[in-house]
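Student: Could you walk me through this one slowly? I have the sequence and the picture open.
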Amino acid sequence: MPLVNGGKIVDDSFVKLAVDTPLPEGGDILVPAERFVSDADALLKRAGKVGVIWPNNRDIDELVPYLGKVAAVALVFPTFRDGRAYSQARLLRERYNYRGELRATGQILRDQFVFMLRAGFDSFEVKKQADAEAFMQTAKRYSVFYQPTGDGRVTALHRRMQLRHSEGVGT
Amino acid sequence: MYAYDEIDRTLVNERVSEFRDQVKRRLSGELTEDEFKILRLQNGVYLQLHAYMFRVAIPYGTLATNQLRALAHVARKYDRGYGHFTTRQNIQFNWIKLAELPDALADLAKVGIHAMQTSGNNMRNVTSDQWAGVAPGEIEDPRIWSELIRQHTTLHPEFSFLPRKFKIAITASDHDRAAIKIHDIGLRLIKNEKGETGFGVLVGGGLGRTPFIAKTIKHFVHGRDILSYIEAILRVYNQYGRRDNIYKARIKILVHELGTEKFSREVEEEWQHIRNSLLQIDDEVIEDIRSRFTYPAYEKLPHMPDELRQAAADRDFEAWRKNSVAPHKVQGYSIVTISLKPTGGPPGDATAEQMDALADLADKYSFGEIRVGHEQNLALPHVAKRDLPALWKSLDKLGLATPNVNLITDIIACPGLDYCSLANARSIPIAQELTRRFANHELANLIGRLHINISGCINACGHHHVGHIGILGVEKNGEEVYQITIGGRADESAALGNLIGPGVKFDEVADVVEDIVEAYLALRERPEELFIETVKRLGVEPFKERVYATR
């Protein structure tokens, strides 16, 4: 499954651990929430980056104390019709100021990229190679955004206000 | 009328090109039907019994004549020459070919019409009073706010994959024509004691298999805060709404399971985090949207022009005028409802020819504006009273002057088993039979205001729970059986109807309705007592007796 990060297909440095996989010596690991929470101190002490896979039905508040210490948070879309992780993503970015890697995992198609970018995701485990290759093109599909979110894209309402004021100059 | 600016136009065009790519990927097999399903639903495309069905949004029920002509064009070019107006200010086309859909959308985009989010588990078309901006006594034009909310809910990056569909309706009149109490969010536009605009917010209304009337969760949300407050409701719903069972996924179930108080506390808590953010709207933003709504340059006209006085001698004209013409906020003008419920016809259908002709009449008599109401009728919102007789003659020629608005034959019905893959029973033939049964105008007039609503399955698209007489078709041992309720209503006193007894067969439905009506005529205290009032006064019992005594 190709990983897109920073707009490009990249190698995934993280290894995903299951609840009972033996802990590797070094290297970057993505750990299920349950295991992470029960053993956070030990996990964070080892060499290599640590990220956490956070299920979409688990309260994000529980993750907040660790946000400064994890290198990645992977949120889950069990199917692309299940949109709970969009709310989790915005809360992480906009309320808790999480600045690390925010990864979308699960059933990820090109048709969600714009929504996900706007919700704060910057990393995508894409299901199909063709969708991963189409990332940059698909991400630019929209130039108009009606809602303000933490991604900082200028909203339609804001652009209208700018237009109004610039038209007002000199009249 | 709201005029799209370059920004709105760009977005709709970008959406069309995205959908074109999605259809292409589906046709090439790159997308599975399962993957494509969600994407097509976000663009109003259902797979029905016989073909794809295409649902187009008419936000807050306002159409310009070039838009109505574009709908006629789609009916003619891509469909079978007609369209069906729904209970949520949409129009549906029943025979669209998938490969042609992107072109149909592109044709509509040219006149500022889209089909975004007219189906799927997202925020649906924002609906409002079809008399918005012209109804006497209205607090202010609710379409300004409807448009603001329409924009905010379009392609929302957080709330496009909700547990279930989500519908918002807005009213600004004491008399609720937008049925806000049966919506996921109902907004009642009000002024506070300082004269500032805000909203009473109701949540959790809805019909389907578990009907609920919406509950007020906040008595006043200031206009500047309405987007953040809606966002707070949606965030609570998106995270905690049930996703394990499609029949328990609407927000009404969450509100019911948490209790109104706990639900509103959750919303309040979320809202406190986000109310002082970019979601706060300043007056200038509202002004900007308001400035793109244009209003007619009304003339100063007499209250009772000679033309109207003379036409009063014509009984047919008078019969139509009494039921179809309503007071306008400007003297000398009227709001004219166009009945799409001809005797023997399917409720809510209009042919391409009727749409084109109506567009011409709207240009001539209604400042180029048409409205669509949840009762599946249309309206011309600004007709000079002096023009009423001439308009009536033209409408009559088009088969659009059936004098039955708000009467027993002004029936709301879903498409039912004739089109819909979810239906268990036929709806349209029941409606057609009832319009024939009560075709005598004198009789219908004697009965007075009476709303019949018909749904062909438990999903309740025909809003049967809130019909004065509600008819629900179900399937029992391979046969269509109809359950009859009475006493429901969808207005400001919204209530769910009560079952009168065991279900009846297809052939018996019209007889049963006749029995109910006869019972009412015998029981009412005076001619002015409406059916719904008699039911409220006496309950179900006397009607039940009348219906089942001989069965």
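Tutor: Let us begin with a term we will need: two strands are said to pair if DSSP finds at least two bridges between them. Please also keep in mind that this is a predicted model.

Student: What lies between S8(B) and S9(B)?
Tutor: The two strands form a hairpin with five residues between them, and in the turn B:Gly195 has a positive phi of about 80 degrees.

Student: Why is S9(B) described as largely enclosed?
Tutor: Five of the seven residues of strand S9 (residues 197–203) of chain B are buried, so the strand is largely enclosed by the rest of the structure.

Student: Switching topic, what is the strand order in the open sheet of five strands?
Tutor: In chain B the order is S3-S14-S15-S12-S11, and the pairing is antiparallel. The edge strands, each pairing on one side only, are S3 (62–64) and S11 (325–327) of chain B. Ignoring direction, neighbouring strands of this sheet are turned by 30 degrees against each other on average.

Student: How many bridges does S11(B) share with S12(B)?
Tutor: S11(B) pairs with strand S12 (residues 333–338) of chain B over three bridges, in the antiparallel sense, and B:Ala326 has B:Ile335 in S12(B) as its bridge partner.

Student: Now helices. How do H1 and H4 of chain B cross?
Tutor: The axes of helix H1 (residues 6–27) and helix H4 (residues 101–109), both of chain B, come within 9 Å and cross at roughly 175 degrees. Angles over 145 degrees count as roughly antiparallel, which makes H1(B) roughly antiparallel to H4(B). The residues that meet include B:Val16 and B:Phe19 from H1(B), and B:Pro102 and B:Leu105 from H4(B). By class, this contact has nine nonpolar, one polar and one charged residues.

Student: Is B:Phe19 buried or exposed?
Tutor: B:Phe19 has 23 C-beta neighbours inside 10 Å, and a residue with 20 or more is buried, so B:Phe19 counts as buried. Leaving aside residues up to four places away in sequence, B:Phe19 touches B:Asn43, B:Pro102 and B:Leu105. The C-alpha atoms of B:Phe19 and B:Leu39 are separated by 8.0 Å, although these residues are 20 apart along the chain.

Student: Which residues have the most contacts inside the largest nonpolar core?
Tutor: That core has 210 residues, and those with the most contacts inside it are A:Val73, B:Ile233, B:Leu358 and B:Ile516. Its largest share, nine residues, comes from helix H6 (residues 226–240) of chain B. Not counting residues up to four places away in sequence, B:Leu358 touches B:Leu68, B:Ile338, B:Ile370, B:Leu378 and B:Leu400.

Student: Last one: how many residues of chain B are in contact with chain A?
Tutor: There are 31 residues of chain B in contact with 29 residues of chain A. H1(B) gives the most to the side of chain B that touches chain A, with six residues. By class, that side of chain B has 11 nonpolar, 11 polar and nine charged residues.

Key. Residues numbered from 1 in each chain as written. Chains lettered and ligands numbered in written order. Predicted model: local features only at pLDDT ≥ 70, side-chain atom pairs only at ≥ 80, totals over all residues. Axes fitted to C-alpha atoms, helices over the stretch in contact; angles between N-to-C directions. Helix = DSSP H or I, 4+ residues; strand = E, 2+ residues; numbered from the N terminus. Parallel < 35°, antiparallel > 145°, perpendicular 65-115°, else oblique. Contact = placed C-beta atoms within 7 Å. Nonpolar A, V, L, I, M, F, W, Y, C, P; charged D, E, K, R; others polar. Core = buried A, V, L, I, M, F, W, Y, C linked by C-beta atoms within 7 Å. Buried ≥ 20, exposed ≤ 12 C-beta atoms within 10 Å, placed from the backbone.
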